[in-house]
Amino acid sequence: MRYEFKVALRYLASSKFQTVLLVGGVGVGVLIFSFMTALINGLTQFQIDQTVGSIPHVVIEPKEREPRVLPSDHSGTEVLAAVQRGTVQREQIRFWQNALETVENDPATRVAVPVVAGNALVTRGQVVEPVSITGVRPEHLSEVAAIAPAIVAGTANLDLDGVLIGARLAHNLSVEVGQPVVIRSDRGRERTVKVRGIFSIGIESLDERVAYMNFKSAKALLDLDHGISRIEVKLKDLDSAASAAQAFAGATGLKATAWPEKNKRLFDAIQGQNSTGGLIKFFAIVTIVIGVASALLLTSVRRKPEIGIMRSMGVTKGFVTKVFVLQGVLVGIMGALVGAPAAYGFCALLADVARRPDGTPIIPVDPAQGNYLAGIALATIASAIAAILPARAAAKVDPVEAINL
Amino acid sequence: MNSLIPPSNDAGTPLLSVRDIFKTYVQGEVETEVLKGISFDLFRGELVSLLGPSGSGKSTLLSVLGTLLRPTSGRFTMRGIDLTGAAEVMLTAFRNRNIGFVFQYHHLLPDFTAIENVMFPAAATDGGETDAIEERAAMLLARVGLGARMHFKATKLSGGQKQRVAVARALMNRPALVLADEPTGNLDRESAEQVMELLAEINAESGTTFLISTHDPDIAARCHRHITVIDGRIGETPPFPRAAA
Ligand SMILES: Nc1ncnc2c1ncn2[C@@H]1O[C@H](COP(=O)(O)OP(=O)(O)OP(=O)(O)O)[C@@H](O)[C@H]1O
Ligand SMILES: [Mg+2]
């Protein structure tokens, strides 16, 4: 292979202009590939972040109780029964520490957040507003919702006597940071807390109807002394949600739902743009194949007399084939090594420079998610495949015909 | 110059034995019968010219004997091996080890230096330019008078020099037979004579067998024996002035 390599390199070096064009072409293909990957992945992340706040990848909830249908002894007669879900017991995860520990120790898990949730009324003076309470440990707040960056007054401080509310709710209640409000849960418990922070996420329902509290105080308020409402899990790898959910369900005996199931429309939208992106990436690779194949085919025609003389010297078809495939591989590698850094630079530039006045990116491209290694590998493989046809054409050169040219 | 000598173990029997070779070119509907029953023997160490008018089939015959073209019928053996029906892979390897070619046009690889061109037939089949290969190539280039131009790009040499590199390349793998198709046809008189001189000397030194097609009586006169092809058959060799012995 060493000598084939030398010949291939010499051929590439001798037609410098063509080689530079080819390497540039492959480079552009890799650039498009990695840019699209960075864009689609960035866009996906952006949508997930924007649409649902930081959504959990898997939600673990209590199993819905199977309502029992009492057997009738009227055998042979049809029984019609309307079945209603049991309302006698509250839905909560009991023995949640065990379940939490199991999930936390799973290697797929990045973080597992115990959450209590319930409904309450916030009262200040004569104004009463319904809210839904979410109680988490202070260190978990950022995992459950992007509150901290949305704080417009006060801080995202979740101490035992504090509450974080949305800007619209604050407006409706005419409260400011530091002022007390009374929260009464639908379990009849009541607590006076101080507003520590006011957030504005930009989604009306959240800014008007959601309040965040400390895990412990929310537990007491919602009368969940021995249980929690759910465990929200963030995984290391977003794509493993379905399998992780299954594993969690099996290990805990609870109901575990992966995010695509909980957010069907978002998931479908993301799927849609992924397949569009996939198509563009596919065409980028096809472009590489066509470019490399046509250039090498021209080379094989131009070098026909040389190939003929080689064959007359007793150089094997295999040798000629390898020389051409190696040219493809070399062009692929060089193009990829040019294209991948260029793609990274381009993405980084876009992410850095193209921003709205408020600092959010215009194009939510994530340079870290360009999948550059895949781009390099695919470009190299594509170039090698592209070289097969010209290599076969070259190996088929008839020495007599070529020498008489 | 001992290293120029090809291995000889079957002296006495013909190196090349050609029997009743026919070759018909088929181009669509048109069939051209070019070789019409050629038979002759070549012995080791012979220097033979191949003569005949233009279009008589000399190049076709050389291509057949060089295993580049399959005869339509007939048989030929070299070193006792029947090459008529041999598989392509086998013929390629046989050619590499046993046959050297020199063509009218030098056909050097333009992107390689003189010595790289000479090394090519060995390097391409022996996995690279080993020291031994380089040594022999340098020796051959010195022998053809280009010791000082070894590292010149092929394109930087004169026509005569290029053809001498081609001769050195043909000898690289110590072939038993060199087939030369009008090797001086593209050269001026002086270069032509130099090249022919070289072929004759190498033949004398090494015992390599040469079959050289030519239209040039002076070139033919340097050969020991003449085979004339007329209209695809072996014909009478016309008289021409003999070179001084
Ligand atoms: N590939 C081919 N297809 C069809 N006919 C061919 C082909 N090659 C050669 N011929 C014909 O075969 C005949 C012999 O050609 P060849 O080249 O062997 O002659 P030659 O003796 O070498 O002539 P010259 O002295 O001019 O080189 C010619 O009539 C030529 O047209
Ligand atoms: Mg001819």
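These legends go with a handful of close-ups of a predicted model.

**Before you look: how to read the labels.** Residues are counted from 1 along each chain as its sequence is written, and chains get letters from A, with ligands numbered from 1, in the order in which they are written. Since this is a predicted model, local features need pLDDT of at least 70 and side-chain atom pairs count only at pLDDT 80 or more, while totals for chains, interfaces and linings use all residues; side-chain values use heavy atoms, leaving out hydrogens and water. The model scores ipTM 0.90 and pTM 0.73.

View 1. A pocket here is an open set of points on a 1 Å grid over the protein atoms alone, with protein on both sides within 12 Å along at least five of seven lines; a lining residue has an atom within 4 Å of a point. There are 26 lining residues, and those closest to the centre are A:Asn404, B:Ser59, B:Thr60, B:Phe103 and B:Asp181. Two or more residues each come from α14 (399-403) of chain A and from α1 (58-65), β6 (99-102) and β7 (177-181) of chain B. Helices (H or I, at least four residues) and strands (E, at least two) are DSSP runs, numbered from the N terminus. Helix α1(B) gives the largest share, five residues. Sort the lining by class and you get twelve nonpolar, eleven polar and three charged residues. Nonpolar covers Ala, Val, Leu, Ile, Met, Phe, Trp, Tyr, Cys and Pro, charged covers Asp, Glu, Lys and Arg, and the others, Gly among them, are polar.

**View 2. The largest cavity, with a volume of about 160 Å³.** In a cavity, a 1.4 Å probe fits but cannot get out; grid points are joined across faces, edges and corners, and the volume is the space filled by probe spheres set on the points. Of the 20 residues in the lining, A:Met313, B:Gly100, B:Phe101, B:Arg169 and B:Ala170 are the closest to the centre. Chain A's α11 (304-312) gives two or more residues, and so do α2 (88-98), β6 and α5 (159-171) of chain B. This lining splits into twelve nonpolar, six polar and two charged residues.

**View 3. The second largest cavity, about 30 Å³.** The whole structure has two cavities of 30 Å³ or more. Look for A:Tyr11, A:Leu12, A:Ser15, A:Gln18, A:Thr19, A:Leu22, A:Thr299 and A:Gln327 around this one. Helices α1 (2-14) and α2 (16-52) of chain A each supply two or more of the lining residues, and α2(A) gives the most, with three. No charged residues show up here: the lining has three nonpolar and five polar ones.

**View 4. Strand β9 of chain A and its partners.** Five of the five residues in β9(A), 210-214, are buried, meaning under 20% relative accessible area with a 1.4 Å probe and protein chains only. Strand β4(A), residues 127-136, pairs with β9(A) in the parallel sense over five bridges (a pair needs at least two DSSP bridges), and A:Ser132 has A:Val210 as its bridge partner. Strand β6(A), residues 162-166, runs antiparallel to β9(A), with three bridges; there, A:Leu164 partners A:Tyr212.

How values were computed
Buried < 20%, exposed > 50% of the residue type's maximum accessible area, 1.4 Å probe, protein only.
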